[in-house]
Amino acid sequence: MKNTTHMGLGRRVFAMLPVRLQPVHLTIFMIIVLGTVLALANSTFLSAYNINTILSFGAILMIVALGQMFVILIGGIDLSVGGVISFVSVLFVLLVGEVGYFAFPICLFAGVMFGLINGLILTIVKIPSFIATLGTGGIITSLAYLVSPRSISASPSDYGYFELIDGKILGMSNSFYIGVATFLTLGAFLRFSITGRNIYYIGSNIRMSWMSGTDIVRNRCIAFMISGGCAAIVGIIISSIRYGGDPVVGTPYVLNSIAAVVVGGTALTGGSGGIVNVLFGALFLSLLDNGLNVVGVDQYFQQALLGAMIVFGVAVTFDRSKTPIIK
Amino acid sequence: MQALHSSLRWIRRSGVATQLISLALITTIFFIGTAGKSLTMSNIQVILSLTAIPAILAIGVHMTIVIGGIDLSLQGVVALCAVFTGTLMANKYTTYDVGLWIIPITIAVGGLAGLLTGLTHTKLRIPSFITTLGMSFVLYGVAVYINKSQIVSLQDDRIQNFIHAAPFGIANVVLIAVFVTTFVQFLQDRTPFGRHLYAIGGDEALAKQLGVNVDRVKTLAFTLAGCLYGIGALLLVTRMGSATSRAGLNLLFPTITAVVVGGVALTGGVGGAKNAFLGALILAVLNNGMVLMAVNPYAQTAVNGVVLIVAVALTIDRKKLGFIK
Amino acid sequence: MKFKKTIVGLAMGLGLCVSLLTPAFADDETTLVVMIRGLDNPYHANYAAGAHALGERLGLPVSVLSSEGNSQKQFADLRAQIARTGGNMVVNIDPNEGPDVVPIAKILEDAGVYWVNWWNKPDEVSPSSYPHWVAHITFDAEQQGYYNAIELFKTFETPNEGSVIAVQGMLSNNAAIGRFKGLQKALAENPGVELLQWEAADWDTNRAYEVTKQLLAAHPDVDGIWTANDNMAIGAIAALKETSDAGAVKVSGTDGIPDAFDAIIDGTLSSTEFMDSRYQSQLGLTMALAAKNGDLDPSTTPAEHRAFMISGTQVNADNVETFVEEVFNTMPEYDLTDYYAQWVSAAE
């Protein structure tokens, strides 16, 4: 008999099963239950059109959350993703008119650089990432305002650049494929590269990894750069969908991305979790938002229900066995 | 000389030395920048009365940070308390009129919300970050549901008049904030509950081994935080004379910024109510100075961000923290 | 065994929740959809109130979507609504920001849903290039800022001579920009009035209170305070009350919230302009329904009727009492037969 005192309700139930369970299995289980209920409530929930909605918008959230996860893995948090998304969404529209396709790498580079700055503030100035990124997030948002205080729209002659991303292949929106590509790339990076392994190592025991000679500054900076890069990708996608940008569009992604990471079963203490968790975490939130509307739940209940489901989701998936102290 | 020495030593030991220095620094900069306008008596009054409510909210949040957690439910609790005030005080939409009983009621509503958060966090064993994030959505949703989008004008202006009145030369709302600060600081310095807060914030496992009822102290901390949000919400609403579920909007991150600028470490175990108060004061001075100097409004968020980072870079005690996360 | 029980329990609980919260719904009736930006203020909530009144009259189901300031949620929720109704719906929408209109147009055009848009759209995008986009309607924000500024200047000790401070809305927002332009136009026409300083308060009452308090410390002798909306005007008035200048120094707003009318009666607010979002949603939904039923053909509608501005109701001390009684406190039966009854000018 396993010791079940540190386990939540969901895990205690699953401890009886013969399979070795990961938090992510519980997320998948919740998605299946939720999906079944929603499909029973309204059959259009499972239509191809609606599945495309869930996946393509879920993919956008997943990309920010993937970046966020790298920072959380090293035991940090990135509150600047909203600022980066807003800034890039404005920058991209302005640049496309000037430099054409070079706007893509420049925007990506800008995001990565913001990440690097965050990483350096954490590692060199030694300020906790919560505060560092809260501060840089404000600064980057201000920059977005200074670049363009109001929303801007692309001139129709530049629409070609935006249509690259705002299109469909085989009936699925391109943002879905970008999500898949980001997922696979970052997955491979985390799984097969030395840096990927070090990121886990640092997150689970930073003192030990430092003593064994891991370059902490470099690896932590890389995690932040990935987060910045992911935010920049989302900025570009959002710009491309809207053929325009504005300096506030990124704000909701800050808390939503963290929620997606945590609902997937990644602990905020770092060192545990992975990209599959984030995939299902983002899917769960996207499914929930969509489902509440497809079955027509009253708007006045939706916010409360969403909050309750986040708490419920984490209550089920959170792996308490690895973190005896919960802060 | 002796008095100067002992007061200097008190400041050094009190844990607010750096905050006082940065406060002095910012004040000097703005004093020069505004050619003296920032230190007129009337402007000082303005700064103090704008410090009061953020300070009370910051003290609430800092309760949860001192034990090593965090509370993101501020906006939801404030919205809920504001809506209760709007429903129960004399107004055009409802027939209730609880008069001054609204004070204990709002505090109790905030406290209950905090208790619920605390119990969810400790009993279901969910990290405070995500518990409070979810609770914020839930409470805000409930507030919007009760409020049905109204902006409720309050017809009972006794509290409003009281907090604006200044029988001692300073607006009463400032005195309320000072009283709250002193009260919480007293709890922290002189009671077992206060010592347990720091024990848990410093090393939770050790505190548990020493027999501290960790769950109960944590739940209490969240409850107390909720009560303080209730007070803050009541003051916010009565100050304006109208209640809406928007009352808590955009308060969360500025409040956390105040707590941190005041020198409360997010890792827990460091800083007290006086730090939170000072943090709120520093931000109020800063915002006031920028308005007086007519700093480009687009750039003010950036200045806040820079100050946050610089303030923490100067004040953080890296020796205590080991590895920064 | 326990595992199965949990699944069944969870599923039943969820199912119960969903079925309790789900209104009865039939596919063969056209759903009236209003998409708003949030439920926490009366202006946006009144879109919903207007839609519900119309739905009751016509016997059609109503669905309210709230984007909570999140652009992506806006697109995703619209698509969810299309999935839910199978596209049998008409939409009245108040988008978050201008650029949001492009994807919204794509989503609704692909689904063949007729819709009317309010307030924001990119200049480059025009309803005439979309067959299902019945109309883009907006208020003349510049005129609103101008009217309220002129009314404010009249209240000065020496009319049209003095100084004002201004409290701006969300800086990225078109309405905020337009209203501020209106103030500047009024200032240009009245060289005796000087704008001492402006600050942004993001449409927020508390922020407006703080900003006004500080501006008043810097400029204690102002003759009036111009604000970009009523929410912020209420904050400014609260700040004035503490310096006991409320009433002597007046504030101007825009929007027409209940507090603002009370303030006009009290003599602390000089004027506001009421925009009736109940009328807005009924007009938009009626036009979209007419297009769906073939009674209104967007393709033959002239351009000035595809994108146009309508007038709000200007409210000041002279008409506030009759206005509150006759318009604000009742749900008027709007004349929806003439879509262009409030038309003032083309918007392009």
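**View 1. Packing of helices α12(A) and α13(A) in the predicted model.** In this predicted model, helix α12 (residues 253-263) of chain A packs against helix α13 (residues 275-294) of chain A at an angle of about 120°, and their axes are 7 Å apart. The two helices are therefore oblique to each other. The crossing in which α12(A) passes α13(A) is right-handed. On the α12(A) side, the contact is made by N256(A), A259(A), A260(A), V261(A) and V263(A). On the α13(A) side, V278(A), G281(A), A282(A), F284(A) and L285(A) take part. By class, the residues of this contact are 8 nonpolar, 2 polar and no charged.

**View 2. Packing of helices α12(A) and α14(A).** Helix α12(A) also packs with α14(A), here at an angle of about 30° and with the axes 9 Å apart. That angle makes α12(A) roughly parallel to α14(A). A259(A), V262(A) and V263(A) of α12(A) meet I310(A), G313(A), V314(A) and T317(A) of α14(A). The contact of α12(A) with α14(A) divides into 5 nonpolar, 2 polar and no charged residues. A259(A) and V263(A) are named in the contact with α13(A) and again in the contact with α14(A).

**View 3. Contact between chains A and B.** Chain A gives 45 residues to this contact and chain B gives 44 residues. On the side of chain A that touches chain B, the elements that give two or more residues are α5 (103-123), α6 (129-147), α10 (206-211), α12 and α14 (299-317) of chain A. Of these, α6(A) gives the most, with 13 residues. The side of chain A that touches chain B comprises 30 nonpolar, 11 polar and 4 charged residues.

**View 4. Contact between chains C and A.** Here 46 residues of chain C are in contact with 45 residues of chain A. Two or more residues of the chain C side come from each of α1 (2-21), β2 (62-66), α3 (71-85), α4 (101-111) and α6 (174-189) of chain C. Sorted by class, the side of chain C that touches chain A has 22 nonpolar, 15 polar and 9 charged residues.

**View 5. The six-stranded sheet of chain C.** An open sheet of 6 strands in chain C has the order β7-β6-β8-β9-β10-β12, with mixed pairing. Its edge strands, each pairing on one side only, are β7 (193-200) and β12 (313-316) of chain C. From one strand to the next, the twist averages 20°. Strand β8 (residues 224-227) of chain C and strand β9 (residues 250-252) of chain C run parallel and are joined by 3 bridges. Within this pair, G224(C) stands opposite K250(C) of β9(C). Helix α6(C) packs on the sheet and touches β6 (162-168), β7 and β8 of chain C. The direction of α6(C) makes about 175° with that of β6(C).

**View 6. The two domains of chain C.** According to the domain assignment, chain C has domain 1 (31-140 + 278-310 + 332-346) and domain 2 (142-274). The centres of domain 1 of chain C and domain 2 of chain C, taken over C-alpha atoms, are separated by 31 Å. Between them, 7 residues of domain 1 of chain C are in contact with 8 residues of domain 2 of chain C. The side of domain 1 of chain C that touches domain 2 of chain C has 4 nonpolar, 2 polar and 1 charged residues.

How values were computed
Residues are numbered from 1 along each chain as its sequence is written. Chains are lettered from A and ligands numbered from 1 in the order in which they are written. This is a predicted model: local features need pLDDT of at least 70, side-chain atom pairs count only at pLDDT 80 or more; totals for chains, interfaces and linings use all residues. Two residues are in contact if their C-beta atoms, placed from the backbone, lie within 7 Å. Helices (H or I, at least four residues) and strands (E, at least two) are DSSP runs, numbered from the N terminus. Ala, Val, Leu, Ile, Met, Phe, Trp, Tyr, Cys and Pro count as nonpolar, Asp, Glu, Lys and Arg as charged, and the others, Gly among them, as polar. Axes are lines fitted to C-alpha atoms, for helices over the stretch in contact, and angles run from 0 to 180 degrees between N-to-C directions. Angles under 35 degrees count as roughly parallel, over 145 as roughly antiparallel, 65 to 115 as roughly perpendicular and the rest as oblique. A crossing is left-handed if the near helix is turned anticlockwise from the far one by less than a right angle, and right-handed if clockwise. Two strands pair if DSSP finds at least two bridges between them. Domain bounds come from an automatic or database domain assignment.
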